[in-house]
There are 2 protein chains.
Amino acid sequence: MNDDAIDAWLRVIRAPGLGSARIRQLLEHFGSITAVASASGSQLRAAGAPDAAIQWLAAPDRERLAADRAWLDAPDHHLLTCDSADFPALLQRAPRPAAALFVAGDPQWLWFAQIAIVGSRNPTDGGIANARDFSRALAKSGLVITSGLAEGIDAAAHRAALDAGHATVAVVATGPDLVYPARHRALADAIAAQGAIVSEYPPGTTPQRQHFPMRNRVIAGLALGTLVVEAAQRSGALITAREAAEAGREVFALPGSIHNPLARGCHRLIREGAALVESAPEIIEAMAPRAQELAAALRGRLDAARTPEAAPDSDWTAPTAADGEDADYRRLRAALGHDPVPIDVLAQRTGLTVETLSSMLILMELDGRVAASHGRYALTTRPEPRHAQHRAQAEDG
Amino acid sequence: MNDDAIDAWLRVIRAPGLGSARIRQLLEHFGSITAVASASGSQLRAAGAPDAAIQWLAAPDRERLAADRAWLDAPDHHLLTCDSADFPALLQRAPRPAAALFVAGDPQWLWFAQIAIVGSRNPTDGGIANARDFSRALAKSGLVITSGLAEGIDAAAHRAALDAGHATVAVVATGPDLVYPARHRALADAIAAQGAIVSEYPPGTTPQRQHFPMRNRVIAGLALGTLVVEAAQRSGALITAREAAEAGREVFALPGSIHNPLARGCHRLIREGAALVESAPEIIEAMAPRAQELAAALRGRLDAARTPEAAPDSDWTAPTAADGEDADYRRLRAALGHDPVPIDVLAQRTGLTVETLSSMLILMELDGRVAASHGRYALTTRPEPRHAQHRAQAEDG
């Protein structure tokens, strides 16, 4: 993205009264973000922009925009926008996706297969232990643990992933530079260093009540599935779970004693159709075909976005219809070895983009053909994939 | 049933190699139980009876049959046979029903709306407490608690119903005169006095491995629904629950901690479609429409069995098509008051059989129009029935 586009995005994101849905509408209407940012008042009014937004776009607070730009120019700070092929494809496919994400950390994790682990801010000790156990086991299986940086279940899930040496993604309801609750500052720093902090809101945004359900939608939209560990009858975790269900993702809930009020939310979800789970392998098994479907769909979408410039050092040429998908897989298998390799090396070796590789690797990981650890990939020694039938379907589709 | 028929039933029940299914086949083939018992060897062979049964029927152990008859002639001992209108209609409708039931106690309880409460023989303290709580609450709501007299959940469910002054039905895998486990002798006596002990097997039958799944089928077949409180992955309670599901009855399961091995069976049932329940009112609510459907179906069946002799003291005349079901309900409502009345008095007042009244009272009880306690019925003071819509459907059907 060029500087003008970045500045245009920052200006539009800051415009009062423009939420993600409205920004996406304007983007479609005007064709590009620079066209939105430089449209006249009457053009914007005709496109349905509210007055406050029109006034702001005509005369933005340049100091504030300079501060946003300064934040973005710092190391490991990123802006992923919905008009870019870098925008997480699963979130792009969600019913009410964000328009742009501020990221502190490595945005590659947003392209990995993620499982959201969410729950009560005041869990029982047993709930904390379960969150930690599931987070550790799922992270170990190659899934990225996504949660909301809240107290209780969220923090336990993030910490367990970090402690086990794996990446974790925290979607926050503040700007990416602020931490709520404040006592999670060290946790947030560790997540940014080892995973990613993600926010729909620009730097400096303080916690606001209405941002939390939006944050939950991003969590649900990023992840292949959502696990609710402990939750009261009315809680943010249930909102996340319902968003996940609406987005067609898997929802998992841990049952508990009928005398534990924090099992009620989980039981309610189970009655509504969530999968009752007792162990992490059940989640991995349930997600595998889903991941494969999505990976197949993603690959279709990504094939369009693939450009030769992504592999300047390779002898890559545009694939013909005849060698199609299998040729990509053959190339990737040839590029992988039993020594773990980072994804950018695979991109160089194969001439495929990081995004295409990510979706192919999701498939191979969940099939057991590839092991992922700390962002490096290796072929496993398994003689046969676990879900040969599912894979065959995905390869057909 | 006349003496000859009773003796014929006892002789057929004792015949080696004749299970309930085969007895029902022979009954259909020969038209009556006396015809089965007196059929020639070649007739029986042609009808598919095994040699051992044919030999026995030709030369039964008369001493043993006399002992069976003596047991049956003692007070409060009964034989309910599938060729009689007294045979519990819900069990009659089950996929693999018993051919006859030995009953010690009052067989009227088998015509009441029953909920089976089953579970582990080695439950946790929490499981015991849940069994007691649900049994007490469900018995108080007018349901008869049916279980298997086993240790653990079964015994806790029976005891809680008895302690609260309500009836309970124990279906046993031994003869009705034996108690397994033996230390439940006092419990069995209390159940016979306050409810009923039921067995498919003749007096003196000792516990045999293959009888327990059969016993579970009878429990599932008698009850409108089955609640599983705690159960291991492989257990008799799960067999009962699956029989209940196969018979089209409701199956309820209590969830528990993922760390409690005795919650596994319940979780498995929930995954298979059982209703996850946290409280007794949920069970009552879920069973109400089901009870109404069944009551409506039972009434249809019972109308056929209704005879004027059942009401010698009344001015009852056969209803015409014009006044039909509503006339019966009007008559029953007129016969009920706010002082509790036993069912035989209602039979005298209305001219309806006890069986017909039972099914009508199930409907009215579950609708909240009638309160039942210790076998006596009274109108409630509720101004409006709870499930007016369901009732209207049942009255249409």
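These questions and answers walk through cysteines, strands and aromatic rings in a predicted model.

The model is predicted, so local features need pLDDT of at least 70, side-chain atom pairs count only at pLDDT 80 or more, and totals for chains, interfaces and linings use all residues. Residues are numbered from 1 along each chain as its sequence is written, chains are lettered from A and ligands numbered from 1 in the order in which they are written, and side-chain values use heavy atoms, with hydrogens and water left out.

Me: How many disulfides does a search of the whole structure find?
Reply: A disulfide is a covalent bond between the sulfur atoms of two cysteines. Here the test is a pair of cysteine sulfur atoms within 2.5 Å. Over all chains, the count is zero.

Me: Is Cys266(A) buried or exposed?
Reply: Buried means under 20% relative accessible area, exposed over 50%, and partly exposed in between (1.4 Å probe, protein chains only). Cys266(A) has 0% relative accessibility. So Cys266(A) counts as buried.

Me: Which residue in β12(A) is the bridge partner of Ala372(A)?
Reply: Strands are DSSP runs of E, at least two residues long, and helices are runs of H or I, at least four, numbered from the N terminus. Two strands pair if DSSP finds at least two bridges between them. Strand β11 (residues 370-373) of chain A pairs with β12(A) in the antiparallel sense over four bridges. Within β12(A), the partner of Ala372(A) is Tyr377(A).

Me: How are the rings of Phe112(A) and Tyr377(A) arranged, stacked or edge-to-face?
Reply: Rings of Phe, Tyr and Trp (its six-membered ring) pair if their centres lie within 6.5 Å; planes under 30 degrees apart count as stacked, over 60 as edge-to-face and the rest as tilted. The search finds eight aromatic pairs over all chains. For Phe112(A) and Tyr377(A), the centres are 5.8 Å apart and the planes are at 25°, so the pair is stacked.

Me: How many residues apart in sequence are the parts that this pair ties together?
Reply: Phe112(A) lies in the loop between β2 (100-105) and β3 (114-118) of chain A. Tyr377(A) lies in strand β12 of chain A. The parts are therefore apart in sequence by 265 residues.

Me: Which residues form a cluster through ring pairs?
Reply: Phe112(A) is buried, and Tyr377(A) is buried too. Ring pairs link these two with another residue. The cluster is Trp109(A), Phe112(A) and Tyr377(A).
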